[in-house]
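Here is a short briefing to read alongside the model.

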Amino acid sequence: MARVRLSVTERREELLRAAVEQIEVRGVVAVRIADVASALGVSNALVLYHFSTKEKLVAAAFTHAAEEDLARLRKLLGRRTTALRRLRAAVRWYAPTGQAKGWRLWIEGWAAALREPALQSVTRDLDKQWKTALAEVITEGVAAGEFRCPDPMGTALRLTALLDGLAVQLTSYAGAVPRARAQEWVDEALARELGLTRETLTAREP
């Protein structure tokens, strides 16, 4: 059966999704243009037409994954409910015990970013946008009198650092930290940062 002819935008989208999948399976270092092409049944030349090098394809794939995650974050934080409910929903989704991005992909990205300037730019920008978005909703909650937090950006940094570290433990070392215990630590950290008890925090489920 002949392949459906796709627009340039649709083709790039298809290639990026395949690249993300192949990076998750093979890793940044091992993945090849040929792997992405083979996954879709297209030629290497077609992949290279859209992304002239493997490095550009990888950077674009991570950008694509980052944009999807950020869109989900904005949706959670933009709901018409309290700042606390929005914040807790976002943190629970982002946590390695939630339904956020494939953590194996991002751990690969962090490691590769040490050697790839273009990828470093992508991961740094994603990190900055996450922290800024969380800090903004924390600031809203403080202004509304929902909780206390003297340093919203510092809180956002500490929370994401904890979540990233737990993601490495749960993804790289199976069984090192029980998922239920990791979630307890996340809830405790969030409650502490907001001047709430864990019981108060968990009583207000999103």
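Let's begin with Pro96, which sits in the loop between α5 (83-94) and α6; helices here are DSSP runs of H or I with at least four residues and strands are runs of E with at least two, numbered from the N terminus. The model is predicted, so local features need pLDDT of at least 70 and side-chain atom pairs count only at pLDDT 80 or more, while totals for chains, interfaces and linings use all residues. Residues are numbered from 1 along each chain as its sequence is written, and side-chain values use heavy atoms, with hydrogens and water left out.

**Pro96 and its surroundings**

- Pro96 is buried, with a relative accessible area of 8%; buried means under 20% relative accessible area, exposed over 50%, and partly exposed in between, using a 1.4 Å probe and protein chains only.
- Setting aside neighbours within four places in sequence, Pro96 is in contact with Trp103, Leu163, Leu166, Ala167, Leu170 and Arg179, where contact means heavy atoms within 4.5 Å.
- Pro96 and Val168 are 72 residues apart along the chain, and their C-alpha atoms are separated by 8.7 Å.

**The protein as a whole**

- The protein has 10 helices and zero strands.
- Along the principal axes, its C-alpha atoms fill a box of roughly 60 × 35 × 35 Å.
- Of the 206 residues in the protein, 45% are buried.
- Among contacts with a separation of 6 or more, 62% come from residues 24 or more positions apart.
- The protein exposes about 11,100 Å², and carbon and sulfur atoms supply 52% of that area; accessible areas come from the Shrake-Rupley method with a 1.4 Å probe, and for residues only the protein chains shown count as cover.
- There are 31 positive and 25 negative side chains, and the centres of the two sets lie 2 Å apart.
- In that charge count, Lys and Arg are positive and Asp and Glu negative, with His and the chain ends not counted; each charge is placed at NZ of Lys, CZ of Arg, CG of Asp or CD of Glu.

**Helix α6 and Leu105**

- Which residues of α6 are buried? They are Trp103, Leu105, Trp106, Ile107, Gly109, Ala112 and Ala113.
- The cover over these buried residues of α6 includes α1 (8-26), α4, α5, α7 (117-143) and α8 (152-172).
- Leu105, a residue of helix α6, is buried, with a relative accessible area of 4%.
- Not counting residues up to four places away in sequence, Leu105 touches Val20, Ile23, Glu24, Phe62 and Ala65.
- Leu105 and Ile138 are 33 residues apart in sequence, and 28 Å separates them in space, C-alpha to C-alpha.

**Aromatic pairs**

- How many aromatic pairs does a search of the whole structure find? It finds three; rings of Phe, Tyr and Trp (its six-membered ring) pair if their centres lie within 6.5 Å, with planes under 30 degrees apart counted as stacked, over 60 as edge-to-face and the rest as tilted.
- Phe62 and Trp106 form an edge-to-face pair because their ring centres are 5.3 Å apart and their planes lie at 65 degrees.
- This pair links distant parts of the chain, with Phe62 in helix α4 (residues 54-77) and Trp106 in helix α6 (residues 103-113), 44 residues apart.
- Phe62 and Trp106 are both buried.
- Trp93, Tyr94 and Trp130 are linked into a cluster by ring pairs.

- Glu199, in helix α10 (residues 198-202), is exposed, with a relative accessible area of 58%.
- The C-alpha atoms of Glu199 and Glu188 are separated by 9.2 Å, and the two residues are 11 residues apart along the chain.
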